4 protein chains.
Amino acid sequence: MFSDKGRCKVSSCEIRFRVRYDEVDRQDAVHNSRYAMYFEMGRTELLRQNGYDYKTLEDKGIKLVVARLEVKFLAPAGYDDELVLTTRVGKVNRAKLEHVYELRRVADNRLIAQGLTVLAHVRADGKLTEIPKFLFPAE
Amino acid sequence: MFSDKGRCKVSSCEIRFRVRYDEVDRQDAVHNSRYAMYFEMGRTELLRQNGYDYKTLEDKGIKLVVARLEVKFLAPAGYDDELVLTTRVGKVNRAKLEHVYELRRVADNRLIAQGLTVLAHVRADGKLTEIPKFLFPAE
Amino acid sequence: MFSDKGRCKVSSCEIRFRVRYDEVDRQDAVHNSRYAMYFEMGRTELLRQNGYDYKTLEDKGIKLVVARLEVKFLAPAGYDDELVLTTRVGKVNRAKLEHVYELRRVADNRLIAQGLTVLAHVRADGKLTEIPKFLFPAE
Amino acid sequence: MFSDKGRCKVSSCEIRFRVRYDEVDRQDAVHNSRYAMYFEMGRTELLRQNGYDYKTLEDKGIKLVVARLEVKFLAPAGYDDELVLTTRVGKVNRAKLEHVYELRRVADNRLIAQGLTVLAHVRADGKLTEIPKFLFPAE
């Protein structure tokens, strides 16, 4: 279905965004649950830069699910802070597609968080299946 | 499909819940976007008390969408406050299904917010269609 | 405190953003609670274009709260849709600061939603106080 | 300040809750970012069963932050599923307060997710400080 496109040539990307008001908690810091959402934005953009958009993939039945999430919170980020998230492809094999993340504040380059996600590919019936070859990094 | 069940005999219900940490903003008050979610919990429970669960309805193709939302915010609610939401059916006709809401803090019975939603019924193709008769109040 | 800056000369602004994965519900449409957050992003940007940033205002004790919210949902927006939100200042007087919103999809210019918010100004003790003059539109 | 109360005698607790509509994504599964919020609800309840409420602690300056989060997602949970979360205290020392989590669906006892969080104690100036003794498990 996606054989007309090659493997993923772009192995990392950056996105910039501002912390929204509703993402911050009563400690005036980005709530720990929001980082998973930032990471998702990062890997969606990385996919886009490789010529794929995740919406189309999912609509055609390529359903990727997060199987594992790890976050180290190193410094708080505040409301309206401009952040830059670097997303890099990690290990990729038939069973999993790893991404690693580094989140920094633009103003002072402070490292806010480091993260890791492992994606798995599931079929419509929920069973695990192989990561499609077009999602592998180009050699 | 749902003809074996009658119209809705229960016209109002109460739910109680505690404000979660991530629902509160840096002013230490429930963020204004969260009330829509509370209202949704209220009308889901009202439906359940009438013998229907919204998940099954939606899975069978009865897709209700929020066409209108109004909220008056009267007093802030804080983290860990126990709240009670009263949901009442309002006007119901072929085009719309109204609910009205009253949110109070349990500790002091303070009125936190009043709300209104108007639901419409859309077909799979997104076109509006009639509100099913089983969602009408019993006479 | 903010007397060195004038009243607000910019009366409307546009922001563009993509719908995030976690903002969409199982109907594959932006959840009705998320619009309040988009509106907040719009009026924050409008304030910024007038030379104020809301974070600083709030940190200095100018606490604005949403007293009223109204949304008309006209068409669903989907995951990854690019949206454009127009925020305009409405009525402003000592008691309230109104904004009106229009949300469109960039791809087809479809009107997704219209909204209204009324902000009030509260003191540290929670009592209502006058909307500061620097938030009034320039004449 | 909290010396009138002893150490934590209750080392694990369960909470039950239903998945809310807005917590589910377009795959009809609880979004991966929401689990962090469930874990927070679990450890708040565990604290409450030990005689402390986190709101009061935080308001008195005992600010706990999440320093590390790990989640293994084992099976999807759907809208309106009733879930049961078991929260257990893990390692506790001067530097960190660990909790481990197990999330199951009530209907079929299916294991949905396993998690781990590490909390640190920060002073008002953001510097790390020791975990208070009253948060240690009773011997």
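Mentor: Two strands pair if DSSP finds at least two bridges between them. Helices (H or I, at least four residues) and strands (E, at least two) are DSSP runs, numbered from the N terminus. This is a predicted model, in which local features need pLDDT of at least 70 and side-chain atom pairs count only at pLDDT 80 or more, while totals for chains, interfaces and linings use all residues. Residues are numbered from 1 along each chain as its sequence is written, and chains are lettered from A and ligands numbered from 1 in the order in which they are written.

Trainee: What makes β2(A) and β2(D) a pair?

Mentor: Five bridges join β2(A) to β2(D), residues 63-73 of chain D, and the rule asks for at least two, so the strands pair. They run antiparallel, and Arg68(A) stands opposite Lys72(D).

Trainee: How do you know which parts of chain A touch chain D?

Mentor: Contact means that C-beta atoms, placed from the backbone, lie within 7 Å. By that test 16 residues of chain A are in contact with 16 residues of chain D. The elements giving two or more residues to this side of chain A are α1 (35-49) and β2 (63-73), and β2(A) gives the most, with ten.

Trainee: What makes up that side of chain A by class?

Mentor: It has eight nonpolar, three polar and five charged residues. Here Ala, Val, Leu, Ile, Met, Phe, Trp, Tyr, Cys and Pro count as nonpolar, Asp, Glu, Lys and Arg as charged, and the others, Gly among them, as polar.

Trainee: Which residues of α1(A) are buried?

Mentor: Among them are Tyr35(A), Phe39(A), Gly42(A) and Leu46(A).

Trainee: How do you know what span to expect for α1(A)?

Mentor: The expected span is 1.5 Å times one less than the number of residues. With 15 residues, α1(A) reaches 21 Å from its first C-alpha to its last, close to the 21 Å expected. Just after α1(A), Gly51(A) takes a positive phi of about 95°.

Trainee: What makes β4(D) a partner of both β3(D) and β5(D)?

Mentor: Eight bridges join β3(D) to β4(D), and eight join β4(D) to β5(D); both pairs run antiparallel. Leu103(D) in β4(D) stands opposite Leu85(D) and also opposite Ala113(D) in β5(D). The β3(D)-β4(D) hairpin has four residues between its strands, and the β4(D)-β5(D) hairpin has five.

Trainee: Why are chains A and B described by an axis?

Mentor: Copies are superposed by least squares on the C-alpha atoms of residues with pLDDT of at least 70 in both. Chain B can be laid on chain A with an RMSD of 0.0 Å by a turn of 180° and a shift of 0.0 Å along the axis. The two copies are therefore related as by a two-fold rotation axis. In chain B, the C-alpha nearest the axis is that of Arg26(B), 2.1 Å from it.

Trainee: How do you know how confident the predictor is in chain A?

Mentor: By pLDDT, the predictor's confidence in each residue, from 0 to 100. The mean for chain A is 94, and 96% of its residues reach 70 or more. For the complex, the predictor gives an ipTM of 0.94 and a pTM of 0.94.

Technical notes: Two residues are in contact if their C-beta atoms, placed from the backbone, lie within 7 Å. A residue is buried if 20 or more other C-beta atoms lie within 10 Å of its own, exposed if 12 or fewer, and partly exposed in between; C-beta atoms are placed from the backbone.
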